[in-house]
Amino acid sequence: MTILYALVARGSVVLAEHSATTTNASTIARQVLEKIPGSNDTNVSYSQDRYIFHVKRTDGLTVLCMADDVSGRRLPFDFLEDIHQRFVRTYGRAVLSAQAYAMNDEFSRVLGQQMEYYANDPNADRLNRLKGEMSQVRTVMIQNIDKVLERGDRLELLVDKTASMHGNTVRFRRQARRFRSTVWWRNVRLIVALILLLVLVIYVILAFACHGLALPSCLN
């Protein structure tokens, strides 16, 4: 996995950033920050050519990174979670009032170190698999960033669709459980009916063989 760019921001105010190569990722990242509506926590990804911008916002603090498109989503979001924890642990409530780039001199180095770690150290993936901190990333949808930046209402629409898809998934699971329960009870009733039918058939055969409904010749 290769992470080429990362930043930490409060709203649209960038507090620290680091780029591993020459790129215009900083400009695009700021456009993405301005397009994210509301203040709710969110995890979202946007594609741009062969790269994907992954965004994690928690408690008003946004962590963003740009990775190549072969990196998947789990490991980049593990990186974002790691950066968020380190940033909050280091600066605490100071992030609520800090000016732009107030933490850049110090934390830019941390971003670079962690980008290198997640790119090259196999333990990064192994440890995060064990921690299992980012299971919610499975629900993150990747959208094309060009569509997001072309229209102001596009992002809201995508978010609404994502929420709708999540709701549909929940409803589908409930319906699937109800369907399995209905099928199970139907099978139980069918088995009971077959058993009763089999008992009745055996009884009729015995009644004919024993010359009466009370089975007199068989019981004597």
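Which residue in E5 is the bridge partner of Ile3? The bridge partner of Ile3 in E5 is Ala67, and the views below begin with the strands around this pair.

The model is a predicted one, in which local features need pLDDT of at least 70 and side-chain atom pairs count only at pLDDT 80 or more, while totals for chains, interfaces and linings use all residues. Residues are numbered from 1 along each chain as its sequence is written, and side-chain values use heavy atoms, with hydrogens and water left out.

**View 1. Strand E5 and its pairing with strand E1.** Helices (H or I, at least four residues) and strands (E, at least two) are DSSP runs numbered from the N terminus, and two strands pair if DSSP finds at least two bridges between them. Strand E1 (residues 3-10) runs antiparallel to E5 and is joined to E5 by seven bridges. Eight of the eight residues of E5 are buried, so E5 is largely enclosed by the rest of the structure; here buried means under 20% relative accessible area, exposed means over 50%, and partly exposed lies in between, with a 1.4 Å probe and protein chains only. In a regular strand the side chains alternate between the two faces of the sheet. Both faces of E5 are covered, with Leu61, Val63, Cys65 and Ala67 buried on one side and Thr62, Leu64, Met66 and Asp68 buried on the other.

View 2. Seven of the eight residues of strand E4 (residues 51-58) are buried, so E4 is largely enclosed by the rest of the structure. Strand E3 (residues 42-48) pairs with E4 in the antiparallel sense over seven bridges, and in E4 the bridge partner of Gln48 is Tyr51. The hairpin of E3 and E4 has two residues between the strands, and Asp49 there takes a positive phi near 55 degrees. E4 also pairs with strand E5 (residues 61-68) in the antiparallel sense, over eight bridges; His54 stands opposite Cys65 in E5, and the bridge partner of Phe53 in E5 is Met66. E4 and E5 form a hairpin with two residues between them, where Asp59 in the turn has a positive phi of about 55 degrees.

View 3. Rings of Phe, Tyr and Trp (its six-membered ring) pair if their centres lie within 6.5 Å, and planes under 30 degrees apart count as stacked, over 60 as edge-to-face and the rest as tilted. By this rule the count comes to six aromatic pairs. The rings of Phe87 and Tyr91 have their centres 4.8 Å apart and their planes at 50 degrees, so this pair is tilted. Both residues lie in helix H2 (residues 74-91), four residues apart, about one turn of the helix, and Phe87 and Tyr91 are both buried. The rings of Tyr117 and Tyr118 have their centres 5.3 Å apart and their planes at 90 degrees, so that pair is edge-to-face. Tyr117 counts as partly exposed at 25% relative accessibility, whereas Tyr118 is buried, with a relative accessible area of 4%. Phe79, Tyr117 and Tyr118 form one aromatic cluster.

**View 4. Buried residues of helix H3.** The buried residues of H3 include Asn104, Phe107, Leu111, Met115 and Tyr118.
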